Amino acid sequence: MNLFSEIRALVLAALEKMTADGKLPTGLSFDAVAVEPPRDPLHGDMATNAAMVLAKPSGRKPREIADELAASLRQDDRITAADVAGPGFLNLRLAPAVWQTLIKNVLEHGQSFGRSSVGAGQRVNVEYVSANPTGPLHVGHTRGAVFGDALASLLDYAGYAVTREYYINDGGAQVDVLARSVYLRYLEAHGRDVAFEDGTYPGDYLIPVGQALKEKVGAEFIDKGEQFWLADVREFASTAMMDMIREDLALLGVKMDHFFSEKSLYGTGRIEAAIDKLRAKGLIYEGVLEPPKGKKPEDWEPREQTLFKSTEHGDDVDRPVMKSDGSWTYFAPDIAYHSDKVDRDFDLLIDILGADHGGYVKRMKAAVSALSDGKVPLEIKLTQLVRLYKDGEPFKMSKRAGTFVTLRDVIDQVGADVTRFVMLTRKNDAPLDFDFNKVLEQSRENPVFYVQYAHARVCSVLRRASEAGIAVDDARLQAADLTLLSHPSELAVAKKLAEWPRLIEIAARTNEPHRVAFFLYELASELHALWNKGNDEPSLRFVQEDDPGTSQAKIALARAVSVVISAGLAILGVTPAEEMR
RNA sequence: GGCCCCUUAGCUCAACUGGAUAGAGCAGCCGACUUCUAAUCGGCAGGUUGAGGGUUCGAGUCCUUCAGGGGCCGCCA
C-alpha cells in the first residue's frame, strides 16, 4: 500500500512502452529510477529522476525523454499534471481522488496501514541490552534497550520475522566478583562487620540479595572457604540480578523473546565445538601478536596464544581466543554464541552495542563471516553515550561512588513513554543530552508532548462529534463521502499520510527508528496546522454541527492521522494519549 | 602509531543513502486566544554544511588529504 511504489510502477510501465516504441534502446536498467516526494511541495506531489538517469545510457537529452514520459503519464487518470523542471526532473501532480482513496485505505487497514513486506519474512535476530548480571540497568543500558526494542518493532512492521534476544554474561570473572560481594552482604545480614574492598560491588542493591541468601541457606556458608560456597552464591546472585534486570526491562516496556546464558556454553563442549569449526577452516593457530602501538609498550611481553585469523575476514589484526594460561578469552564464548545464532538459521543478525565496544565490531563480523561462510550478515549498531543533565548542569555518574543513575531512577522520574521517545529523537550514533527537567517540560521544545497532543486532539474531536450526535465509528467514517475533502490544507495532511509506508521501508532498510519519531513530529505538525486554520476559516473545522456528512469526511481525515500516530508510537513503544492532563 | 564514529543556522538536531533554492525546534522580532484543549498556529530574520582537492549532468551525502572532538587498541567483559 505504498503510493510511491504504485506511481513508480506506472512510470516503469510508461518507460517499457517507450522502449517498445523505439524511443529508448532495449536492455536499459530502470533500477536507478526513483519516485520521491519533492523537497519543495510547490514542485508537485511526486518527482521522478527517470529522464536524468536514463539520459546517458540511452544517448538522449534528459528533457526530451522527460517530455515523452510526461505525455505518456498524462494518459493516466491519477496524474493531473506532469511538468519537466530543472535539469530533467519530472514533477507529477496527483488527482484529489488519489488522496481521498488513501484516507479510506488508512481507515480500512487501521494500524496495519504502512506494514510492509520488504522484510519478506526473513528471520532476523536482534540482540540488545545484554548487560552483565551484576547490577541494575543504568541510563546507558536504557538507550540501548530503547533503540534495540524500537528497531525490532520496526523490522517486524516492515515484514521481518524478529527474535529479540538478550545474552547473559554470566560466565566470566565479573560474576565471581558479584558472588563475593553478595557473600559480604550475606555476612552483614548475619550481623558481621564487613569491608568492601576494591574488586567488590558496594552498591546497596545487593543488601536484599544477601538477606535473601541468609533466608535460603541460614548460617551454612559462614566462616567457610570460597570453594565451599562460591558456585552456589554465583548461581543465586546472578539469578537474582537477572530477575531484577527483567523487572527493569518490564518497566521500560521491553520484553525479550529469548535469554541466552553464556554459562551454558562452558563445560558443555560448545565453545570447543565453535572453535573447532573455525579450526577446520584453517583459521585457528598458535602465535604471538605484535605489541599494540602507542600504548605502554613497557608492559608488553610476547606470549604465545591461540589466535583466530580474523584478518582473513576483514579485521586488522588476528585476535586471541585463548589466554596464555589456557583459559578462554571473552571472545571465545562470544564466537560460540554467534555460532549458535547462525545454526538457528537466522537470515540476518543484528547486535546493539555501546559505543565503547566499537573496537569489537570487526572481529565479531569476521567471526560470523567465517562461521557462516559469508552467508549470514551481521549488522552491528553502536549507541553513543547519554549525557545526563539536571537544569542544564552536567550530572556525573560514578559506579564506584554509588551515584550512578539507574534505569529505574529515570522511569520513576520521567516515565517510560517520555524516556523512550526522547531517546529515539536522536540518531543512535550521535551522543544524546538527557536533561531530567527539560524532558518533563510540556512545551513545544519537547516533541513527545507535541505528538501526544495531536493524538489527543483527534480524540477530542471524536468525543465532541459524538456529543453533537454525529456517528464517528470506524465503519461510518470509512463509508464517508471523501470527495467532500478537497481543500489544499486537507489534502496536504493526506499527502503526509501517504509517506508513512515509504518511510517505514526506508527506516527499516537503514535500521534507523529515529526516522519514525521525526515523521510523527511532522505529521503532528500537519494536523496542528489544519486545526488552527479552523480558527480563521470555520469551514475547515472538523466538526460541522449542521452537516453530519461533511463532518464525517473531515473526521475521517483526523481519524486517519490518529491511526498512523498510534501505529508509529507503537513502534517506538510509546502509549498514545487520549487526552492531555 | 593504527582502527571506528562525529563536525550542518547563535543553541539542539534533521535532510528520504547522489537530486532542484540544505530544513525543523529553541533563542530573537512581529502577529493570532468571546476556540474544536493557544501544551497550538502564521510570518520575519538567521548558512562558504570544519578546511582543501577529486569523481559527474548534480555532492551535506561517495573518494582523498588535513584540522578539531569522542571511543577503542593481547592474557577486562
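Modeller: Domain bounds are taken from an automatic or database domain assignment. For chain A that assignment gives domain 1 (3-94), domain 2 (173-252) and domain 3 (442-572). The model is predicted, so local features need pLDDT of at least 70 and side-chain atom pairs pLDDT 80 or more, while totals for chains, interfaces and linings use all residues. Residues are numbered from 1 along each chain as its sequence is written, chains are lettered from A and ligands numbered from 1 in the order written, and side-chain values use heavy atoms, without hydrogens and water.

Biologist: What makes domain 1 and domain 3 a contact, and how many residues does the contact take from each?

Modeller: Contact means heavy atoms within 4.5 Å. Six residues of domain 1 and four residues of domain 3 take part. The centres of the two domains, taken over C-alpha atoms, are 31 Å apart.

Biologist: How much area do domain 1 and domain 3 bury between them?

Modeller: Buried area is the accessible area (1.4 Å probe) that two parts lose on being put together, summed over both. Here the value is about 460 Å², with 57% of it on carbon and sulfur atoms. On the domain 1 side, F4, P37 and D45 supply 68% of the area buried against domain 3, more than any other three residues.

Biologist: What makes a set of residues a nonpolar core?

Modeller: The residues must be buried Ala, Val, Leu, Ile, Met, Phe, Trp, Tyr or Cys, joined through side-chain atoms within 4.5 Å. The largest such core has 134 residues, and L15, F434 and W500 have the most contacts inside it. Helix α19 (residues 548-572) gives the largest share of this core, 14 residues. A second, separate core of 32 residues includes L278, L349, L371 and V376.

Biologist: How do you know that β13 pairs with β15, and in which sense?

Modeller: Two strands pair if DSSP finds at least two bridges between them. β13 and β15 have four bridges and pair in the parallel sense; R387 stands opposite D433 in β15. Strand β13 (residues 386-390) is joined to β14 by two bridges, and these strands run antiparallel. Y389 stands opposite P394 in β14, and K390 has E393 as its bridge partner there.

Biologist: Why are β14 and β15 called edge strands?

Modeller: The open sheet has the order β14-β13-β15, with mixed pairing. β14 (393-394) and β15 (432-435) each pair on one side only.

Conventions: Buried means under 20% relative accessible area, exposed over 50%, partly exposed in between (1.4 Å probe, protein chains only).
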